[in-house]
Amino acid sequence: MQFDSRKYGYKFDKGKFEFYCCKEEYPELLDSESVYVTGTFNGWLNTGDSDWLMTRKNEKGKTVFVLEKNLENILVPGNSGYPEFKFFGLSENSCHLLAEKIETPNVFLGNKLILLNEYELEDAEKLKKRSGIFKEMEDFDLSCPACRSEISNFRRAPGTKALFRGYHPYKKSRGWMDTENDRIQLVRKGMELYGVKSDITLCGYEAVSSLAEETPCEIIEEIEKKNNRLCVNIDYNLVYFHSDAAEYLNALQKISHFMLEHPGPFYIHCRLGSDRTGVTVAVFSALCGASWKEIAEDYEKTSNCGIGEFRNRRLLQYSLKKLTGFDPSGSKNLAHLMQSVFIKENILNSKEIEALIKKLNTEPRKKETDFFDFSGNHICAKKSAN
């Protein structure tokens, strides 16, 4: 390596990987506290798992904490596309994350990145410029179809004609932002224009909250009256890091049968339309024949919503590789690969897959075909800013 990784919180040499924490860098760390590592590779544990307890040592008169791990066990990407981690101090009476006094080049949205070479360090610097962006209403031109799609995170799933994805149609996850009301109204507009008949909610059922100044969604109410709404509660960690687990496979089966048994077009979402939605839409897009390039580009478009969220396609790539056993970016026939998983895991049989693909590619009746532009082709002055 061309850089001293110890100042970044780890040591890496000849395949040996060791987390490294110097007590002097964290004056808030108490003598009574032990130090643990938490990160994407262990599901962001902060409960004192002994597997992630660091060993206290004396190094040239300084107190340091170290923990050796196999590199393959920590190469689990976070939102940045690289493994992310933090240190936290824990005792019988305290538990707190160790805050950085000086942000090092490998810190991304408050998390340390594990970078293995200079190229990755340079790449991380580029990612920072695209991440954590918050946009206000003045950053969008709502007369522009591309801006309407971006602010609402509303768009058609790649490889389909009748599956749409986006932000929640009534829950305010970013209620403090001046974009929130317009965002939700545009989601509802999209559902109306494309004639959405069934809703798939991936964050479980949540009622409208008057305290949060949320308003009822007439489209959802009508869908519920006709029993065309499916609410499943899927965990963030599950879709990314355990996508091959029975729990997620069962959820995919439930969603698949719901779509076969209920009318389209369909709208699928969680709270933000980013993670649970991003992975699940990628699965059905792959099933329907979309390429990895199309899927990855669609997944990363959520960052344009301006809600401070950033997702790198390597995180989605990790999830789909976990699910299928193969790297989706190198697959010559991603549709065949995903269809094979569906058959092997008894999600759907071949005839059901054929019927679902046909249903998801039935062109919906649209009232206004040019109200949204899902391609990102801006016709406004905001184009340069995006």
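Which residues in H11 meet which residues in H12? Before I answer, a word on the source. This is a predicted model, where local features need pLDDT of at least 70 and side-chain atom pairs count only at pLDDT 80 or more, while totals for chains, interfaces and linings use all residues. Residues are numbered from 1 along each chain as its sequence is written, and side-chain values use heavy atoms, with hydrogens and water left out.

Now the pair. Gln339, Phe342 and Ile343 in H11 meet Ser350, Ile353 and Ile357 in H12, a contact being heavy atoms within 4.5 Å. Helices here are DSSP runs of at least four residues, and strands of at least two, numbered from the N terminus. H11 covers residues 334-344 and H12 residues 350-360; their axes come within 10 Å and cross at roughly 130 degrees. Axes are lines fitted to C-alpha atoms, for helices over the stretch in contact, with angles from 0 to 180 degrees between N-to-C directions.

Next, helix H3, residues 145-152. Eight of its eight residues are buried, so H3 is largely enclosed by the rest of the structure. Buried means under 20% relative accessible area, with a 1.4 Å probe and protein chains only. Those residues pack against strand E10 (155-156), E11 and H4. Just after H3, Asn153 takes a positive phi of about 60 degrees.

Last, Tyr167, in the loop between strand E11 (163-166) and helix H4 (180-193). Tyr167 has 0% relative accessibility and counts as buried. Its side chain is joined to that of Glu180 by a polar contact of 2.8 Å; a polar contact is a pair of N or O atoms within 3.5 Å, and within protein one must be able to donate a hydrogen and the other to accept it, while residues adjacent in sequence count only if both atoms are side-chain atoms.

Notes. Buried < 20%, exposed > 50% of the residue type's maximum accessible area, 1.4 Å probe, protein only.
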